Amino acid sequence: MFNLNLVTPEKKLVTDLEVDEVIVPGFKGQLDILPGHAPLMTTLGTGVVKYRLKGATSYETFLVSWGYCEVHPDGVIVLAEVAESLAEIDRARAEANLRKAQAALVDPLLESDQMVMMQRKVERNQARINALGNDTSH
Amino acid sequence: MANLRDIRNRISSVKNTQQITRAMKMVSAAKLRRAQNNIQNLRPFANHILSVIADIASTERLEHKLLATVEAPKKVLTVVLTSDRGLAGGFNSNINRFAMKYYQDNKSKYEKMDFLFIGRKGSDFFRARSVKGVDTILNLAREVSFPLAQGVAGRLMDEFNKGDYDAVYLIYNEFKSAISQVVTKEQLLPVDVSKARMAGPDHPTANGNTRFSPDMIFEPSPEEIIDDLLKKHFAIQVYRAMAESVAAEHGARMAAMENATKNAGEMIRSMTLTYNKLRQASITTELIEITSGAEALKG
């Protein structure tokens, strides 16, 4: 038994799904978690969470932005602040938001907390676009 | 007869009112369902975070500013959570009365006692009694979302971290069921981890079988993780309180409107009765007049 739970404050996306593999954007980089992984606790960056259902060969993909992941002997828990499935992402909107955020970052008068916000926005939209790009290529 | 027409007008006006209250009840019922879903959806997230914090805190002996318990807080910020709109029975007045009493009982105890109001009703009530809040946040009921709660939480956290306050409390209506709300005062900051142990039976840590293993790998260090988690936990607490308050508001409004509809029905019934009695009486009088006139002519 190796189960995946993916939860956000606003909805429960995945509940007790039996999986063979989970890939998460860990604090130190991409983490590929297979059953039998050592217990681990990490924060997640902005990026793509992928998982492969038991016996399946293709991956299901979610985009997450800030999160936290806990690996224990019988599963993985991913708590994400925001999670979107690929179907929910609007490429045109992501690109527009990315351009807007990048333009805002050039402003030298930006306050530091706004700067962080904009940087996160850039990251998030970049990740959205990347996720979509990967999806069409394979 | 003028009197008859008066009653007829009143009946139709009460009927209109009844239609409105019935519609409001329906709307509240629908919104209540959505708000209840919100609460249910955030529960797993909140429980996980809390249990992890409790686990880390118990094994790692962490010192964290947000966890440090203050024996006798001197500077206190109280967040009062009400709704923007009225017509919700005792929903807002219960909160306001409670908060006012709390204010009067404690204002001599603390050096500094500030209020932050979420919702128009609370801020109006206190402004009328010349208690000024540090700020007012409105338009909550329209959309309770996690980002909104996070904004509020971030602000509270900043002020706490700056040392402006030793403790942050929250007064809100806890959602018990669709018909019952309980005014509750909770400590938001510093975070009280001991509560995690007392959480409900569905809680992973409740029966002691935590999945926490001593050789857990942390990325980054436990200190950084817990810092992050505490912030999220705090934000989710604020979000939960908001979601509960909104659900409670709709519940209260639903009950109030249900009562109003029933009362209107009762009024319509009794007025219709009076109306019919009057109508019959006037018919009888007319008949008597006619027959006695006829008798008089015969005689």
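Predicted model: local features only at pLDDT ≥ 70, side-chain atom pairs only at ≥ 80, totals over all residues.
The partner of B:K101 is B:D105, with which B:K101 forms a salt bridge; the closest N and O atoms are 3.1 Å apart. Why are these two residues separated by about one helical turn? They are 4 residues apart in helix α2 of chain B, which covers residues 91-106. B:D105, for its part, is partly exposed, at 48% relative accessible area.

Let me turn to helix α3 of chain B, residues 120-128. Here B:R127 and B:D124 are 3 residues apart, about one turn of the helix. Their side chains form a salt bridge in which the closest N and O atoms are 3.6 Å apart. B:R127 is exposed, with 57% relative accessibility, whereas B:D124 is partly exposed at 36%.

The next pair belongs to helix α6 of chain B, residues 222-298. B:D227 and B:K231 lie 4 residues apart in this helix, about one turn, and their side chains meet in a salt bridge with an N to O distance of 3.3 Å. Both partners are partly exposed: B:D227 has a relative accessible area of 25%, and B:K231 has 36%. Elsewhere, salt bridges with shared partners link B:D135, B:R155 and B:E159 into one network. How many salt bridges are there over all chains? The count comes to 15.

I now move to the sheet. Chain B contains an open sheet of 5 strands, in the order β3-β2-β1-β4-β5, and the pairing is mixed. Which strands stand at the edges? They are β3, residues 135-137, and β5, residues 180-189; each has a single partner strand, so one side of each is left without a neighbour in the sheet. From one strand to the next, the twist averages 25°.

Within this sheet, strands β1 (residues 75-81) and β4 (residues 167-177) of chain B run parallel and are joined by 5 bridges. In that pairing, B:V76 stands opposite B:A167 of β4(B). Helix α4 of chain B, residues 146-161, packs on the sheet and touches β1, β2, β3, β4 and β5 of chain B. The direction of helix α4 makes about 45° with that of β5(B).

Note on methods. Residues numbered from 1 in each chain as written. Chains lettered and ligands numbered in written order. Heavy atoms only, no water. Salt bridge = Lys/Arg side-chain N within 4 Å of Asp/Glu carboxyl O. Buried < 20%, exposed > 50% of the residue type's maximum accessible area, 1.4 Å probe, protein only. Pairing = 2+ DSSP bridges. Axes fitted to C-alpha atoms, helices over the stretch in contact; angles between N-to-C directions. Contact = heavy atoms within 4.5 Å.
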